[in-house]
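Here's a quick briefing for anyone opening this structure for the first time. Have a look at the model, then read on.

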Amino acid sequence: MKYTAEEIRAALENNELVVYYQPLYLTMTSRLKSAEALVRWIKPDGTLVPPSEFIPVAEESDLIMDIDWYVTRQVCRTLEKQNMMPQFPISVNFSRRHLHEKDFTEKLSAIVDSFDLLHQLLEIEITESAMVEEESRFYEWIVSIRNAGFSVAIDDFGSGLSSLQFIKDVPADVLKIDKSLLSHNCEDEKERIVLESIFTFAHRLRMKTVAEGVETKEQLAFLRTCDCNKIQGYIFARPMPEKEYLSLCQSHQVAEEPKDILEIQSPTSAVNLLMDAIFRRYPLIIFSNLTRNTFHAMTHEDFTVKNCPSAGTYDDLIRQGTESMHPDDRERFAALFNRENLLREYAAGTREVRIVTRQKGDDGIYRNTETADYFVKSKYSDDIITIALAQNLED
Ligand code: C2E
Ligand code: CA
Ligand code: CA
């Protein structure tokens, strides 16, 4: 059934548009995390009209803008009802037409402030298609919304002509991966590769990710091996009326038992835990490619090594490392760790080398430091690689 703009406007004015909420869950723990507001038209006789039957018509004129602001106010009312219980952020869909709306961010802030709500409780969903013509204006729009403290999600990523160039430049907080990228049980190898790369890219660019339209346990199992933050889909919950959503939020808070992370861990989260343990012991880890004379240092997030750049040539690294140690130890260290020597050791079948030297700390005091180099093999290359683990023996 197709409706006219006049019929839809009348429905809006008669309060026949009703906001449903679909919960979003954390991928790894299945805990409720947030929700998306999705509008429905409920006619006086009780018929429920899905958005696909009126949103496209509303999108043809500014009517869609009135609907979106109406939904925003309804969402604020819902959040207001939760003021005595924990509130979960709610995302609201905004049509690309708002790109040209004057004072968009001021209007959004004024509405949310009139309910005395924290801005971080609202997330703005915008589809990538809004960018089509005016890239710079689109980016400015997103930045202004974020500067006001709201978060911004890019909706339906992958449904059109999305590109990695787009993810690289878009200043958004969240990327919602469209359900069209997920097949029934993610059995296709190429599809899995594409999805894995999108999640990895997004995370390296510090964006959170949501997989939409997750219906099967096979899809969920696969997503748990990816770096995907949240799941939205029928496997957990369908969009529901406000009343049901409010009671879900309440029961989730009370009844939720923390899950055993080991039972549900993905390879990625296992590696993250392992890295935590390794960094506890070795605050500095250096990957070196002896064949190519390069290195890359990894440090724990809040551990800064003033004297060690994070990448460069291996020979410079050894030269600099030598300078920061006790003069009596320098020759021995340089003789062992120079590239030619390590390559000789490797050829002779050595699997690790280690040395204890005295390193000068920021306080000017020398402390015994052990450096162990392990020869490792990458399955992608024949280059000779070492991993150096350095630890202070007097901690
Ligand atoms: P969307 O923003 O991509 O919303 C997600 C849609 O996917 C929703 O459809 C939701 O019910 C559906 N969905 C969620 N999980 C699953 C799943 O596991 N399987 C399947 N097959 N579908 C799932 P819905 O509610 O019919 O909304 C359709 C579209 O209408 C939305 O797509 C959005 O583009 C638009 N829309 C809804 N409410 C608003 C609104 O307030 N303003 C604007 N501008 N657009 C809205
Ligand atoms: Ca959406
Ligand atoms: Ca979507």
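How many residues surround ligand 1, and which are the closest? There are 21 of them, and the closest are Gln22, Arg40, Asp68, Glu215 and Tyr234; a residue makes the list if one of its heavy atoms lies within 4 Å of the ligand. Bear in mind that this is a predicted model, where local features need pLDDT of at least 70 and side-chain atom pairs count only at pLDDT 80 or more, while totals for chains, interfaces and linings use all residues. Residues are numbered from 1 along each chain, chains are lettered from A and ligands numbered from 1 as written, and side-chain values use heavy atoms, leaving out hydrogens and water.

**Around ligand 1**
- By class, the shell has eight nonpolar, five polar and eight charged residues (Ala, Val, Leu, Ile, Met, Phe, Trp, Tyr, Cys and Pro count as nonpolar, Asp, Glu, Lys and Arg as charged, the others, Gly among them, as polar).
- For polar contacts (pairs of N or O atoms within 3.5 Å), a backbone N or O atom of Val39 sits 3.1 Å from a nitrogen atom of ligand 1.
- Oxygen atoms of the ligand also pair up with side chains: one is 3.2 Å from an N or O atom of Glu36, and one is 3.2 Å from a polar atom of Asn93.
- The protein covers 83% of the 800 Å² of accessible area that ligand 1 has on its own (Shrake-Rupley method, 1.4 Å probe).

- Ligand 2, a calcium ion, is held by Glu36 (OE), Asn93 (OD1), Glu125 (OE) and Asp155 (OD) at 2.1 to 2.3 Å (donors are N, O and S atoms within 2.8 Å of the metal, or 3.2 Å for Na, K and Ca; water is not among the atoms, so sites may look incomplete).
- Glu36 lies in strand S2 and Asn93 in strand S4 (residues 90–93), so this pair ties together parts 57 residues apart in sequence.
- Glu36 is buried at 4% relative accessible area, whereas Asn93 is partly exposed at 24% (buried means under 20%, exposed over 50%, partly exposed in between, with a 1.4 Å probe and protein chains only).
- Asp155 bridges this ion and the calcium ion that is ligand 3, and the two ions lie 4.0 Å apart.

**Domains**
- The chain is split into domain 1 (5–268) and domain 2 (282–392), with bounds from an automatic or database domain assignment.
- Their C-alpha centres lie 47 Å apart.

Notes
Polar contact = N/O pair within 3.5 Å; in protein donor to acceptor, adjacent residues only side chain to side chain. Helix = DSSP H or I, 4+ residues; strand = E, 2+ residues; numbered from the N terminus.
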